[in-house]
Amino acid sequence: MTDGFASARERAAFIAGLPKAELHLHIEGSLEPELMFELARRNGIAIPFASVAEVRAAYAFSNLQDFLDIYYQGMGVLQTEQDFHDLTAAYLARANADAVRHVEIFFDPQGHTERGVAFATAIGGITRALDDARTRDGISSRLIMCFLRHLSEAAADATLDEALPFLDRIDGVGLDSSEVGHPPSKFERVFARARALGLKVVAHAGEEGPPAYVHEALDLLKVDRIDHGNRSLEDAALVARLVSEGMTLTVCPLSNLKLCVVDDAAAHPLKAMLDAGLRATVNSDDPSYFGGYVNANYLAVADALDLSKADLVTLARNSFTGSFLSDGDKAKHLAAIDAYL
Ligand code: ADE
Ligand code: ZN
C-alpha cells in the first residue's frame, strides 16, 4: 500500500512528525466546546446548550451559512483579553503537538467589535499568546485580520481605521464569511488601501463561489494567496494561471467535507490540484467545528486519496514556501523537512 510507507500507521507517524506551517486557521474556529462552557461560566453568559455533547451534536452543517450562524454565536463567549489569550494558547498547544512550526492566523475583529468587545481586547489577547508560543515553543506567526464580506465595504474600511494603531502587530488582511453574493469586487477599494499600507492580502475564493470570484481576487484584490480555491478546477485557464503565477491555495479538507463542498473524502480535489502543479497546502480552517486539527486534515486526505510520501512532503514544503516568512526563514524550514527525511 501507500507509496513509500509500509502501512497506514507508518504514514500517520510520518505526518505526525513532519514539520509544517498552518496558513488557514480562524482562531475563533478553534474554540472547543469545553472552553466555550468555561468562558460562558467565567463571563456569566447564557449559551443555548446543556452539555459539550449537545454542542458537538449541533455541528452538523449542510453549507457554509449553516456553519457561520453557529460560529458567530459561539464567539459570543469571548469577552476579555484573557479569553482571547486562552483561546489562542489552546490552539497553539494543539499546533505544537502537530509539529506546526509556523502559523498564519485569521481573526474576525468585526465579530467582536459589533458586540461591544474592543479591537484592542481581541488583538491584545491573541498576540500575547502568539508571543508566548514564539518564546516557549519556537513557533513563529503572522496575524491576518479578516473583513466580513456579508457586511459593507464601508464597515471594512472603518475596521481598517480601527486597526491603524495596531499595524505593527498585523501582517495582512483577508476576506471571509458568506461568499456567494459577496464577490471580491465589493472590497476592491479597501484592499487597495490595505496594500498601500504595506499589508499582505488574501481572500477566501472558490470555496462555494464560482471561478469568477477567484479571477476577481487575483485581478481586483491582487491577492498574495487564495484561501480554499477549490472551484478553480472548473476553469482550465484559471488553473494554468494559478500554476504559472505560483499562487498558493490554502486548502481545508475536513472543512470541505463538513460544509458539503465535497461529497466524500475520496472525491476531494487535493490530489488533482497537486497533479496539476498547483501550490496546494493543507489546513484546518475551523478545527473545533470541523473535527480535526492540521494533522487530522493531512491524515484524512492521505487515507482517502492514497497520498504518497512525496505528496505529503510537497504539501509541507508548500506550506512554508507559500507563507509570509522571509526567504531565509523559508529556507531554514525547508532544510528542516530535508533533515526529517
Ligand atoms: N469564517 C470562518 N471560517 C470560514 C470559512 N471556511 N469560509 C468563510 N468564512 C469563514
Ligand atoms: Zn476559512
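Mentor: The site of the zinc ion (ligand 2) is irregular, with angles of 83 to 174° among its four donor atoms. The donors are His24 (NE2), His26 (NE2), His204 (NE2) and Asp285 (OD), at 2.0 to 2.3 Å. A donor is an N, O or S atom within 2.8 Å of the metal (3.2 Å for Na, K and Ca), and water is not among the atoms, so sites may look incomplete. Along the chain the donors follow the spacing H-x1-H-x177-H-x80-D. Histidine 24 lies in strand β1 (residues 20–26) and aspartate 285 in the loop between β8 (279–282) and α14 (287–290), so the pair ties together parts 261 residues apart in sequence. Here strands (E, at least two residues) and helices (H or I, at least four) are DSSP runs, numbered from the N terminus. Histidine 24 and aspartate 285 are both buried, that is, under 20% relative accessible area (1.4 Å probe, protein chains only).

Aspartate 285 also has a polar side-chain atom 2.7 Å from a nitrogen atom of ligand 1. Aspartate 286 likewise places a polar side-chain atom 2.7 Å from a nitrogen atom of ligand 1. The protein buries 100% of the 260 Å² that ligand 1 exposes when taken alone, by the Shrake-Rupley method with a 1.4 Å probe.

This is a predicted model: local features need pLDDT of at least 70, side-chain atom pairs count only at pLDDT 80 or more, and totals for chains, interfaces and linings use all residues. Residues are numbered from 1 along each chain as its sequence is written, chains are lettered from A and ligands numbered from 1 in the order written, and side-chain values use heavy atoms, leaving out hydrogens and water.

Key
Tetrahedral: all angles 85-135°; square planar, octahedral: opposite > 155°, others 65-115°. Buried < 20%, exposed > 50% of the residue type's maximum accessible area, 1.4 Å probe, protein only. Polar contact = N/O pair within 3.5 Å; in protein donor to acceptor, adjacent residues only side chain to side chain.
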